[in-house]
Amino acid sequence: MNGNVTVSVRGLLVAALVAMALVVAYLLGGSDGATPAAQAADDGVAPPARERVLTMSGTGEAGAVPDQLSFSLGVNVTRPDLDDALDAANGSMGRVLGALGEYGVEKADVQTTGLSMAPVYQYHDYSPPTITGYRVSERASVLVRELKQGGKAVSAAVAAGGNSVRVSNIRLLVGDDDAVMEKARDAAVAEATAKAEQYAEASGQTLGDVMTLREVHARPLPSVELRAGYLTRDTAANALKAMPIRAGRDHGSVTVQIVWALS
């Protein structure tokens with residue numbers, strides 16, 4: 001009986017191997033063992049051609065002369081009473097803004113950047129500190145849209161506010177920097193296109209449609225800082241006379257990468 005069982009198992013294994021061989025033979029027979037590309041060639045259909053592209057980068061630069069001036073304005077007032085300190089700080093800031101209006105500075109050109117109120121303490125050796133007053137600080141950024149009025153505006157601001165006013169962070173700016181960067185982008189695309197056309201012609205090909213275009217890097221126009229430290233009523237006039245404002249030409253640049261199809 002054991003012999004019969006052994007023969008049956010062996011027969012099953014042989015039958016399974018035969019069935020697998022038939023399946024493999026059928027599959028190979030259906031495709032004749034050929035790859036899809038070979039089958040396409042046998043059917044008279046050419047395989048899909050690999051897409052030919054040309055990638056090129058270009059950098060464009062554009063410049064402009066600064067035509068505006070900005071600066072930071074601070075008012076610091078200390079009074080025994082907090083309300084008095086607030087009134088005094090507001091009064092100084094109001095006089096400053098009124099003086100700036102004579103040089104084309106409008107309300108929209110002034111942006112409040114900070115307001116702080118803090119007690120002023122007197123410290124003692126053997127007792128807790130006592131409050132002797134309050135310090136109020138108001139800060140704003142100012143934009144002078146005409147550079148030729150910039151020096152006069154700074155002098156007027158510190159003169160109107162008195163010793164409680166400080167001016168710092170004086171910078172030269174280009175008003176319409178977006179237009180300058182647009183020119184840089186146009187120049188970058190033109191440079192990339194010129195190089196691509198040269199390579200395509202040299203290799204006997206023709207540029208097709210643009211497939212992708214991306215901006216790789218952009219360096220915006222810098223703002224030039226006039227290093228004068230903090231200017232007060234006593235130092236502003238002399239500092240501005242010793243530091244005449246001469247605006248040089250600032251430059252921005254853009255780098256692009258473009259991919260063309262070759263036809």
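**View 1. The surface and overall build of the predicted protein.** The protein in this predicted model exposes about 16,700 Å², of which carbon and sulfur atoms supply 54%; accessible areas come from the Shrake-Rupley method with a 1.4 Å probe, and for residues only the protein chains shown count as cover. Of its 263 residues, 30% count as buried, meaning under 20% relative accessible area, while exposed means over 50% and partly exposed lies in between (1.4 Å probe, protein chains only). You will find 6 helices and 8 strands here; these are DSSP runs (helices H or I, at least four residues; strands E, at least two), numbered from the N terminus. Their order from the N terminus is α-α-β-β-α-β-β-α-β-α-β-β-α-β.

**View 2. Asp 109 and its surroundings.** Look for Asp 109 in the loop between helix H3 (82-101) and strand E3 (110-122). Asp 109 counts as buried because its relative accessibility is 6%. Leaving aside residues up to four places away in sequence, Asp 109 touches Gly 104, Ser 141, Val 142, Leu 143 and Arg 145, where contact means heavy atoms within 4.5 Å.

**View 3. Tyr 123 in its loop.** Tyr 123 sits in the loop between E3 and strand E4 (130-144). With 64% relative accessibility, Tyr 123 counts as exposed.

**Notes for all views.** Residues are numbered from 1 along each chain as its sequence is written, and side-chain values use heavy atoms, without hydrogens and water. As this is a predicted model, local features need pLDDT of at least 70 and side-chain atom pairs count only at pLDDT 80 or more, whereas totals for chains, interfaces and linings use all residues.
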